[in-house]
Amino acid sequence: MALTNKWTNPFRRSFQDIKNDLLDALSTIKGTNGQPLITDKSEGNILVIILSLFAAIAETLHYYIDNMARECFITTARRYSSVAQHGLLVDYHAHGANAATVDVVLTRKLEGANSGAEIPIPKETQFTDSRGNVWLSAHDVVWGKNSSYVNIPLIQHEHYTEVSVNGTKIASKDQDIPLSESSLGGKYIEHNSVSLSLGGTKWTLVNTFAYSKPTDLHFMVVVDDNIPTIVFGDGKFGKQPDVGSIIMVSFYITAGESGNVQENSITKAPSIVTSVIQSVTCNNPYASGDGLDYEEIELLRRHIPLHARTMAVAITKQDFIDCAKLVPGVKGCALDYICGRKIDLYISPVGGGIASSTLIAKVKSYLEKHAPLTTWLSVFSAGVAKINLSIEVTGKPSFHESEIHNSIIRALYDAYSYEKAQIGGKVRISDIYALIDNLPEVNYLHIKKFYVSPWPKIIYGDTQLDLEVTAINKATGSMSYIISFTSTNEFSIYSSEGRYELTGQAVGTVTIDDTVNGFNFSIKVGGRYELGYKYQITISEPNMDYEEPGYNQVVFDHTLLTLDIHETV
């Protein structure tokens, strides 16, 4: 039905626009002589005052109508509850906090009694980081005899049993149980960690009642306005609790995003190890990045469409990528089909860096439950390839060297940060020129050297290679090199073409002068590795646009930037 309103139209939203329309419409009212009946449009006219009043009311109504309309769309909604309600339409419920995960490496010298000691490290062995956060081992690990190191997967959480509702009775069949604990000390309840029993009978935590029968002892934990709440079935989908049943609840708590730590933050081995080997060393070689507070509005906005598109079933290539991104803590995902049914999946954590073995296992477990049985699935962490830059910059007058330096650092981090890094992709020199040249502090610049340090791809072994490419002096196109360990600290590096080979030590810098293929670069290898471990790196030509050949994130690191700044007085 078309609007027949001659005074204004729905597209006029502001007070002034509506008032002007009304005043203009007064001119169309004419007397019998054809002249306008109303000629006084001053603010002192009582009619104009009444029109202003109606314009103000219309603007206020428009404001509320527009706000309501905005909340009806997931892309424009601004209230958390509105976005959460959109999720309920497709049976997606907001998640609790996600505990950070990280891998620590314990090492020892194989000498004397140390070499023959076998040390069992049980699940939930406690570690502590430099911030005082508690970390528990994810599963049982045995540090075998004559093994110089062992990898321990850790989760930043701790068990909590002093829940305020414990010992109380269910008052009604449709009762919800808020877990608004005031004694958590700023910590959060971990997603999928709640255990519940009623009257001594254990109930099962589920993410949806869609598949629950009327007799199933199922419950859900729903997060609304940062308060996790236990919800039971309605008698059709999931059993309703018996009135008078005694409640007993426990769960894990985590620091969430505050649990993310930098590398080298967990350096103290637990007493169960130090009591056997006093000289043991402990360290986390990579930072953690998958710790999250309760699922915030932007993550909800990102996850709900993925859930609606896949309905938690992975069939197509895009389904696998979308389902992987639904796992808490995963930011980026890329996929490589191998021989049809075989799939290699590469993931990156939300906070950037390297995905831990625990996060990798979580993604693999989730996808195996939601993918066809005929799919052969492997999950790996996407690597991190870092940009190396040497730049000469001339600043604009009146800008100090420190101002120019800080502005360039901020611009490069903003463009090539972990948050914006995608798995794969390109880095163009022209983009870097434009990025820096457009800064108000910069007059002009010259990029003297640009290359990207490759990330070693694991061919065989379970330990990431600690590799630093200290310089790429010459490269013709790109070339892949294989690094194969012939002992714990000696390796051979050989080219995929041209039959170049060199033996090096995992100590100090080794220069590869491959004159056959036209490559000259230097690498530094750290750590100790098992016999037979193999890795592949791809060296690309410096001072050329870079296209990531594998499944890595290309990021900026200020430690690999050399700036020669000239001030202009």
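Me: How far apart are the mean positions of the positive and negative charges of the chain?
Reply: They are 4 Å apart, for 47 positive and 62 negative charges. Lys and Arg count as positive, Asp and Glu as negative; His and the chain ends are not counted. Each charge is placed at NZ of Lys, CZ of Arg, CG of Asp or CD of Glu.

Me: What kind of model is this, and how are residues numbered?
Reply: This is a predicted model, in which local features need pLDDT of at least 70, side-chain atom pairs count only at pLDDT 80 or more, and totals for chains, interfaces and linings use all residues. Residues are numbered from 1 along each chain as its sequence is written, and side-chain values use heavy atoms, with hydrogens and water left out.

Me: What makes strand β13 mostly covered?
Reply: Five of its six residues, 227-232, are buried. Buried means under 20% relative accessible area, exposed over 50%, partly exposed in between (1.4 Å probe, protein chains only). Across the chain, 47% of the 569 residues count as buried. Strands are DSSP runs of E, at least two residues, and helices are runs of H or I, at least four, numbered from the N terminus.

Me: Why are β12 and β13 called paired?
Reply: Two strands pair if DSSP finds at least two bridges between them. Six bridges join β12 (residues 218-224) to β13, and the two run antiparallel. One of the bridge partners is V231 in β13, for M220. In this hairpin, two residues lie between the strands, and D225 takes a positive phi near 55 degrees.

Me: How many bridges link β8 to β13?
Reply: Two bridges, in the antiparallel sense, with β8 at residues 177-178. I230 in β13 is the bridge partner of I177.

Me: Why is N146 called exposed?
Reply: Its relative accessible area is 54%, so N146 is exposed. N146 sits in the loop between β5 (141-143) and β6 (149-155). Its phi is near 55 degrees, positive in a residue other than glycine.

Me: Why does N192 count as partly exposed?
Reply: Its relative accessibility is 46%, so N192 counts as partly exposed. N192 is in the loop between β9 (188-189) and β10 (195-198). Its phi is about 60 degrees, positive although N192 is not a glycine.
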